[in-house]
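I opened my notebook today to look around a protein structure. Here is what I looked up, step by step.

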Amino acid sequence: MNSDWYPVYTPHKLKTGLAHCAQHSVAFHYVKGDLMRRIHAILYGLCKEEKPNEALQGLEILDPDEQLDPDEESDPNENLDPDQELDPNEKLDSNEELDPNDSNEELDPNDEKDPNDEQDPNAEVPDEKDTHDDPDEEEGLNEEEPGEEEPNEKVSNDEAQDVKDPNEDKEEDLNEYVDDDEKLDKNEDNAHPHMGAKDAQGKLGYVHDPTALKRDPPDFDTSNLTILCKPGGAKGLGDADWKMLSKKVEVDFAGHKMAEDLVEHGSPRVKIFCVVYTIEESHGRVPAILETWGQKCDGFMVASTKTVPELQTVEIPHEGDEAYQNIWQKVRSIWSYVYDNYYNDFDFFHIGGDDLYVIVENLRLYLESDEILKLAGGDTYPKPVFLGRRFQEQGKPSLMFNSGGSGYTLNKASLKALVVDQMPKDGICGPNLRTFAEDVMVARCFRHMGLVPYDTRDDTEAERYMPFTPGAHYTYRPPKDISMNSDWYPVYTPHKLKTGLAHCAQHSVAFHYVKGDLMRRIHAILYGLCKE
């Protein structure tokens with residue numbers, strides 16, 4: 001590669017001279033202006049008085065021993081790198097770069113930051129230690145009660161499916177999320193992303209039993225219930241999580257019971273497959289998920305770097321290294337494994353990191369609602385849907401995506417479209433791209449087939465999918481001067497941002513940055529275990 005990339009990238013013995021070009025060749029590169037006219041004149045017999053050798057004397061034929069120079073005779077917008085994932089019709093917008101602090105972060109088992117976390121470091125929202133992992137800690141949150149807000153108009157079903165305004169900013173450039181030296185070798189392993197999974201001994205061919213957790217769920221650990229349920233935390237100085245969950249958010253037990261009763265009369269419930277991704281070093285976070293919401297899914301799996309059946313973890317190899325900067329490849333392989341093994345058995349598929357909390361009853365009722373039935377085209381959900389918390393990249397409506405924090409939900413049609421039709425496409429879905437922005441990439445894949453994130457807010461314009469904890473949303477107030485320099489969160493929100501109790505839907509679906517005892521605490525509050 002130090003001497004000449006051309007023979008290295010050629011997958012067979014490179015012929016030279018007259019032997020290189022087919023007699024009936026199809027196309028040539030670096031041809032423009034008079035050279036284009038000259039070649040045309042020769043090929044189409046307009047140079048009748050010249051002998052063939054004389055006619056070729058003026059052509060700019062490269063010496064076979066001379067290395068091709070990517071800058072030679074090229075247009076400034078052209079790029080010779082065969083690994084380039086750019087759509088040739090798109091140009092780089094330097095203003096669309098993601099926060100540089102989000103890049104080059106390796107998965108470090110000793111690092112307290114979750115490799116799946118995607119929160120912008122400039123966000124003026126509570127950081128992880130402020131989101132009450134320890135219910136005994138003083139929470140120090142603003143207890144201001146939310147006031148009335150002017151309702152903003154919710155996007156209609158038809159408007160939500162509009163791909164973009166032609167006057168909006170041009171499509172983003174894949175180079176926005178990756179450095180030139182971070183493109184993966186296309187020939188590294190042709191089996192990816194459909195290599196499958198490894199068993200506990202590291203042997204390929206393992207197929208996880210997605211119903212194992214539902215059939216044999218672990219009991220909820222109540223040994224710490226007194227502390228988990230104490231309002232205001234150990235010091236009694238206020239508890240924003242408690243307030244959001246006791247005053248607004250709830251499990252729709254009545255709707256759930258009614259739907260369950262209808263099963264006996266021939267109305268089956270939709271089946272949901274839930275996927276969490278993590279690494280072996282973070283397996284300590286898994287038990288809280290298994291004890292709480294994970295067992296409520298019809299199918300459940302933890303995609304990891306080590307298969308441990310009792311933890312429901314599955315080792316799914318992927319292209320490239322196991323690093324924060326390469327989560328896109330991890331998710332590509334996860335979705336491929338899910339499609340290859342479970343596509344026919346479930347109706348919806350929800351994916352997120354290991355600090356995700358899902359209220360499964362509310363999610364299921366939302367997916368069974370008339371709203372989603374209409375969106376997906378009827379009882380069999382034939383049309384692809386893409387559900388989650390909508391964000392607009394850098395405040396640009398044309399670059400809408402669903403945040404990976406609270407996870408996003410696909411139906412069978414969108415899962416198939418993603419894995420079979422979209423993910424393999426060069427220049428659109430970055431099949432060999434090394435980037436952390438998996439949620440942005442999934443949205444990009446869908447955008448090119450006309451599918452955009454749907455507005456999942458409820459009738460009061462409150463959010464169903466939450467990018468932060470209940471307490472963080474209860475206390476958050478945007479700055480007066482809204483810009484990327486002051487706070488990314490309201491800039492990324494594609495509508496007026498409601499705050500306090502008004503932010504979260506009564507029947508919210510998911511929260512982010514929830515793990516350990518905070519997960520158990522939220523679960524205990526929601527499911528009536530904190531009776532006192």
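**Rings, bridges and a buried arginine**

I started with Y337, which I count as buried because its relative accessibility is 2%. I kept in mind that I am reading a predicted model.

Next I looked up Y342, and it too is buried, at 2% relative accessibility. The ring centres of Y337 and Y342 lie 5.9 Å apart with the planes at 75 degrees, so I noted the pair as edge-to-face.

I then asked how many aromatic pairs there are by this rule. The count comes to 24. One of them is W293 with F300, an edge-to-face pair at 5.9 Å centre to centre and 80 degrees between the planes. W293 is buried, with a relative accessible area of 1%, and F300 is buried with 1%.

I also found an aromatic cluster, with F391, F401, F468, Y476, W488, Y489, Y492 and Y513 as its members. Elsewhere, I saw the charged end of K412 sitting over the ring of Y343, 4.8 Å from the ring's centre.

**Cysteines**

My search of the whole structure turned up three disulfides. A reminder to myself: a disulfide is a covalent bond between the sulfur atoms of two cysteines.

C229 is joined to C530, S to S 2.0 Å. C229 is in the loop between α6 and α7 and C530 in the segment after α17, so this pair ties together parts that are 301 residues apart in sequence. I read -70 degrees about the S-S bond, a left-handed link.

C274 is joined to C297, again with S to S 2.0 Å. Here strand β1 holds C274, while C297 is in the loop between α9 and β2, so the parts tied together are 23 residues apart in sequence. Both cysteines, C274 and C297, are buried.

For C429 and C445 I found sulfur atoms 2.1 Å apart. C429 is in the loop between α13 and α14 and C445 in helix α14, 16 residues apart. C429 is buried at 0% relative accessibility, and C445 is buried with 0% as well.

Counting bonded cysteines along the chain, I wrote the pattern as 1-6, 2-3, 4-5.

**R269**

Is R269 buried or exposed? I noted R269 as buried, because its relative accessible area is 14% and buried means under 20%. I placed R269 in the loop between α8 and β1.

Which side chains does the side chain of R269 meet in polar contacts? I found E260 at 2.7 Å and E368 at 2.7 Å. Beyond its sequence neighbours within four places, R269 has contacts including H256, D347 and L365.

Conventions
Residues numbered from 1 in each chain as written. Predicted model: local features only at pLDDT ≥ 70, side-chain atom pairs only at ≥ 80, totals over all residues. Heavy atoms only, no water. Helix = DSSP H or I, 4+ residues; strand = E, 2+ residues; numbered from the N terminus. Buried < 20%, exposed > 50% of the residue type's maximum accessible area, 1.4 Å probe, protein only. Polar contact = N/O pair within 3.5 Å; in protein donor to acceptor, adjacent residues only side chain to side chain. Contact = heavy atoms within 4.5 Å. Phe/Tyr/Trp six-rings, centres within 6.5 Å; stacked < 30°, edge-to-face > 60°. Lys NZ or Arg CZ within 6 Å of the ring centre and 35° of its normal. Disulfide = S-S within 2.5 Å.
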